[in-house]
Amino acid sequence: MKILVINAGSSSLKYQLIEMETEAVIAKGLCERIGLGGKIIHKTDKGSAQYDADFPTHQQAFEELVKALSTGGPAVISSMSEIAAVGHRVVQGSDRFSASALIDEDMLNTLESLNDLAPLHNPANIMAIRACMNVFSKDVPQVAVFDTAFHQTIPEKAYIYPIPYELYEKHRIRRYGFHGSSHRYVSTRVAELIGKPLFQLKVIACHLGNGSSIAAVDRGKSIDTTMGLTPLEGIAMGTRCGSIDPSIVTFLMEKESLDIKGVNDLMNKQSGYLGISGLTNDLRDLHEAAAKGNKRAELALEILKYQLLKYIGSFAAAMGGVDVVVFTGGIGENSHKIRLGACAGLEFMGIELDEEVNKDVFSREVEISKPGSRVKVWVVPTNEELVIARDTKEIAGL
Ligand code: AMP
């Protein structure tokens with residue numbers, strides 16, 4: 001049985017077709033430049049294809065995607081009836097959805113009412129779901145898997161912001177947290193790898209990529225995370241500032257004559273490693289520049305490592321200890337220098353990294369702590385698509 005997993009943006013659709021018996025990815029790709037022309041990149045075991053297409057809308061992109069899977073090069077199914085269900089990544093489910101759920105018109109209306117909470121993501125997710133429902137037969141179940149759902153177990157003391165409580169009641173301003181599917185996947189997977197039940201482990205999951213967040217996963221439940229109402233809070237990211245003194249916002253608006261859009265842009269698109277270094281939001285380039293003696297690139301790296309160390313310490317305190325630290329995401333899976341910096345000096349907590357092993361780990365499942373380390377440290381490549389496919393299978397009753 002095959003499940004199609006969709007991760008939609010305002011002008012792109014990422015997809016994976018997964019054979020659920022083996023959980024193997026049989027095709028994956030990207031429809032990009034939706035509304036601006038169109039290009040499709042389609043990869044299968046039998047080969048890959050990349051070509052320009054014409055999709056003015058998401059619906060046409062879905063039609064093209066189905067064509068690529070079934071008739072185009074290289075085809076992996078004989079007809080779209082082989083696709084048993086579709087799973088969609090939805091960024092913001094707020095406190096309305098604490099688990100993945102079957103999509104119907106009521107859900108779409110509820111999601112639309114949440115657009116203010118995730119204006120950059122949810123409208124695109126909803127548009128793509130509607131387009132997909134138009135392309136597939138009504139008998140094909142469509143399931144929403146929310147980035148926020150895993151964090152719905154966070155207690156009130158960690159999700160309420162210290163602003164007037166009425167504003168939480170009126171606008172639902174609270175910590176939601178994101179990257180839930182990734183934190184859920186790596187914490188579950190690392191427990192399997194260690195050979196201990198997840199409900200006996202205190203895990204700190206560090207998802208470090210273009211967007212980064214850390215989660216405290218106490219016996220399988222998220223009890224705190226660094227991202228908040230939006231994915232802007234927490235550690236410094238590629239172009240996002242992460243947590244800063246809130247007064248900086250009004251100070252900048254006044255001193256730099258910025259309006260709401262201007263200050264939002266500054267915090268989301270011009271800050272983080274890009275803002276500090278003045279060079280790049282890409283960690284590889286940052287490492288390269290620092291190696292050539294660029295002081296601000298070096299500073300950006302120092303800030304990232306220091307913030308990671310601080311959050312690891314504070315989440316260990318929040319859980320009353322830690323058994324496992326797991327790194328994932330483009331940076332977490334690949335940058336041994338950042339992993340080392342994040343753990344350096346944490347021997348007092350029982351975290352002892354094996355520097356030799358750590359140096360050689362790129363995107364594979366490996367323990368990188370010393371054999372005797374009380375706290376285990378692992379690299380586990382994330383697989384959000386698999387989480388979405390598994391939830392879809394379960395919820396669709398397949
Ligand atoms: P993601 O959003 O998970 O795709 O992660 C993107 C980030 O991972 C970018 O900052 C990349 O520079 C970083 N990254 C990817 N590969 C490597 C690598 N081999 N070494 C260091 N950073 C990497």
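Which residues of the largest nonpolar core touch the most other members? The views below are of a predicted model, in which local features need pLDDT of at least 70, side-chain atom pairs count only at pLDDT 80 or more, and totals for chains, interfaces and linings use all residues. Residues are numbered from 1 along each chain as its sequence is written, and side-chain values use heavy atoms, without hydrogens and water.

**View 1. The largest nonpolar core.** Ile204, Ile312, Val325, Phe327 and Ile351 touch the most other members among its 38 residues. A nonpolar core is a set of buried Ala, Val, Leu, Ile, Met, Phe, Trp, Tyr and Cys residues joined through side-chain atoms within 4.5 Å; buried means under 20% relative accessible area (1.4 Å probe, protein chains only). Helix H11 (295–319) gives the largest share, nine residues. Helices (H or I, at least four residues) and strands (E, at least two) are DSSP runs, numbered from the N terminus.

**View 2. The surroundings of Gln92.** Gln92 lies in the loop between strand E6 (83–90) and strand E7 (101–102). Gln92 is buried, with a relative accessible area of 0%. A polar atom of the Gln92 side chain lies 2.6 Å from the backbone nitrogen of Ser94. Not counting residues up to four places away in sequence, Gln92 touches (heavy atoms within 4.5 Å) several residues, including Leu111, Phe146 and Tyr176.

**View 3. Helix H15.** The buried residues of H15 include Leu386, Val387 and Ile388. Among the elements against which the buried residues of H15 pack are strand E1 (2–8) and helix H6 (180–194). Gly397, whose phi is positive, near 65 degrees, follows H15.

How values were computed:
Buried means under 20% relative accessible area, exposed over 50%, partly exposed in between (1.4 Å probe, protein chains only). A polar contact is a pair of N or O atoms within 3.5 Å; within protein, one must be able to donate a hydrogen and the other to accept it, and residues adjacent in sequence count only if both atoms are side-chain atoms.
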